[in-house]
Amino acid sequence: MARPPVSADDLLVLLTVARLGRYSVAADVLGVNHTTVSRRISGLEKALGARVLVQTPDGWELTDEGQAVLAAAEAVERAVKSVTERDGQVEHGLTGVVRLATPDGFGTHFAVPALVRLRRRNPALHTELITATQRLKQHRSGVDIEVVVGEPNVHRAVAVHLKDYHLGLYATQEYLGRHGTPARLDDLAQHCLVYYIEQSLQVDELDLATASLPTPAYAMRSTSVFVHVRTTLASAGIGILPDFMADTEPRLVRVLGEDYAHAADYWAVIRAESLRNPAVAATMDALRATVRE
């Protein structure tokens with residue numbers, strides 16, 4: 001029995017799933033439903049006579065046969081874009097959707113400026129930014145770029161170092177005037193510390209930030225670093241804050257600077273298939289350029 005012909009639409013669906021790792025997210029990007037994505041992949045596998053995707057703990061991954069047709073799928077994508085540009089539907093620049101997940105502090109201070117600059121040069125490019133401070137999930141899918149705290153242990157993906165920073169102790173002069181300035185780390189036991197909720201903190205590098213500190217008399221905790229900054233600015237306690245955020249606040253002063261500085265860093269994780277997407281590669285370049293500045 002003759003196999004059905006390979007469909008260009010099916011190849012584009014395969015390319016989107018390979019980049020994002022999830023049928024549901026690929027369906028959202030393509031503007032179809034989950035069933036359509038599944039049907040398209042099944043049709044492609046029937047045409048090729050082999051599996052093109054396999055489900056793993058990291059999401060859907062390309063099989064050897066899927067890898068073999070990836071270049072053809074990218075060629076179809078380039079051909080479609082060239083026709084769109086020729087018809088005047090896109091004046092210039094990158095197109096498509098880039099999904100980026102970052103911790104909230106990195107997202108506001110670095111990702112937003114990078115994405116704004118990138119889109120000014122590429123008005124047809126759509127970006128989606130998801131902010132959450134969490135460890136790299138085993139199901140590393142659904143986004144093109146994921147920024148995490150701490151060097152990740154990745155499988156079938158690329159990890160790129162973005163930025164080193166430090167967590168420090170900060171307070172307002174008003175707070176220190178009322179409660180005194182600690183002279184050593186043990187003095188923090190008499191103060192209110194502002195930091196993450198321990199039970200909700202999923203990032204080892206951030207959890208270790210309190211390992212050398214005594215148990216405080218009081219604590220004000222939140223899942224958001226922006227709440228930490230605002231609480232510290234409200235003179236409610238001594239905040240454990242990223243230096244790149246706290247040092248720009250003129251009302252905050254560093255406490256025990258020589259005795260406490262917890263090193264941390266940001267890394268980006270990208271699927272190899274996503275990094276071959278010019279829009280994703282340009283987004284990574286924009287992130288690195290903004291961090292360097």
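In which strand does Thr-102 lie? Thr-102 belongs to strand S3, residues 96-102.

## Basis of the model

This is a predicted model, in which local features need pLDDT of at least 70 and side-chain atom pairs count only at pLDDT 80 or more, while totals for chains, interfaces and linings use all residues. Residues are numbered from 1 along each chain as its sequence is written, and side-chain values use heavy atoms, with hydrogens and water left out.

## Overall layout

The chain has 11 helices and 11 strands. These elements are DSSP runs, numbered from the N terminus: helices are H or I with at least four residues, strands are E with at least two. Along the principal axes, the C-alpha atoms fill a box of roughly 85 × 40 × 30 Å.

Of the 293 residues in the chain, 48% are buried. Buried means under 20% relative accessible area, exposed means over 50%, and partly exposed lies in between (1.4 Å probe, protein chains only). Among contacts with a separation of 6 or more, 77% join residues 24 or more positions apart. A contact here means heavy atoms within 4.5 Å.

## Domains and their interface

Three domains divide the chain: domain 1 (8-85), domain 2 (96-162 + 266-292) and domain 3 (164-263). Their bounds come from an automatic or database domain assignment. The centres of domain 2 and domain 3, taken over C-alpha atoms, are 28 Å apart.

How many residues of domain 2 are in contact with domain 3? The contact involves 13 residues of domain 2 and 13 residues of domain 3. The two domains bury about 1200 Å² between them, and 60% of this area is on carbon and sulfur atoms. Buried area is the accessible area (1.4 Å probe) that two parts lose on being put together, summed over both. Helix H5 (residues 104-121) gives the largest share of the domain 2 side, 5 residues. By class, that side has 3 nonpolar, 7 polar and 3 charged residues. Ala, Val, Leu, Ile, Met, Phe, Trp, Tyr, Cys and Pro count as nonpolar; Asp, Glu, Lys and Arg count as charged; the others, Gly among them, count as polar.

The count of salt bridges between domain 2 and domain 3 is 0. A salt bridge is a side-chain nitrogen of Lys or Arg within 4 Å of a carboxyl oxygen of Asp or Glu. Polar contact links 3 residue pairs across this interface, both residues at pLDDT 80 or more. A polar contact is a pair of N or O atoms within 3.5 Å; within protein, one must be able to donate a hydrogen and the other to accept it, and residues adjacent in sequence count only if both atoms are side-chain atoms.

## Around Thr-102

Thr-102 is buried, at 1% relative accessibility. A polar atom of the Thr-102 side chain lies 3.2 Å from the backbone nitrogen of Gly-107. Leaving aside neighbours within four places in sequence, Thr-102 is in contact with Gly-107, Ala-111, Leu-129, Ile-130, Thr-131, Ala-132 and Val-147.

## Salt bridges

The structure holds 14 salt bridges. One of them pairs Arg-40 with Asp-10, with the closest N and O atoms 3.1 Å apart. Arg-40 lies in helix H3 (residues 34-48) and Asp-10 in helix H1 (residues 8-20), so the bridge ties together parts 30 residues apart in sequence. Arg-40 is partly exposed at 24% relative accessible area, whereas Asp-10 is buried at 7%.

Glu-293 and Arg-117 meet through their side chains in a salt bridge (2.6 Å, N to O). This pair links distant parts of the chain, 176 residues apart: Glu-293 is in the segment after helix H11 (278-292), Arg-117 in helix H5. Glu-293 is exposed at 65% relative accessible area. Arg-117 is partly exposed at 34%.

Asp-285 and Arg-288 form a salt bridge too, with closest N and O atoms 2.7 Å apart. Both lie in helix H11, 3 residues apart, about one turn of the helix. Asp-285 is partly exposed at 43%, and Arg-288 is partly exposed at 29%. Elsewhere, salt bridges with shared partners join Asp-9, Asp-10 and Arg-40 into one network.

Ser-235 is not a glycine, yet has a positive phi of about 60°. Ser-235 sits in the loop between helix H8 (225-233) and strand S9 (238-242). Its relative accessibility is 2%, so Ser-235 counts as buried.

Leu-256 also has a positive phi, near 55°. The loop between strand S10 (252-255) and strand S11 (262-271) holds Leu-256. Leu-256 is buried, at 12% relative accessibility.
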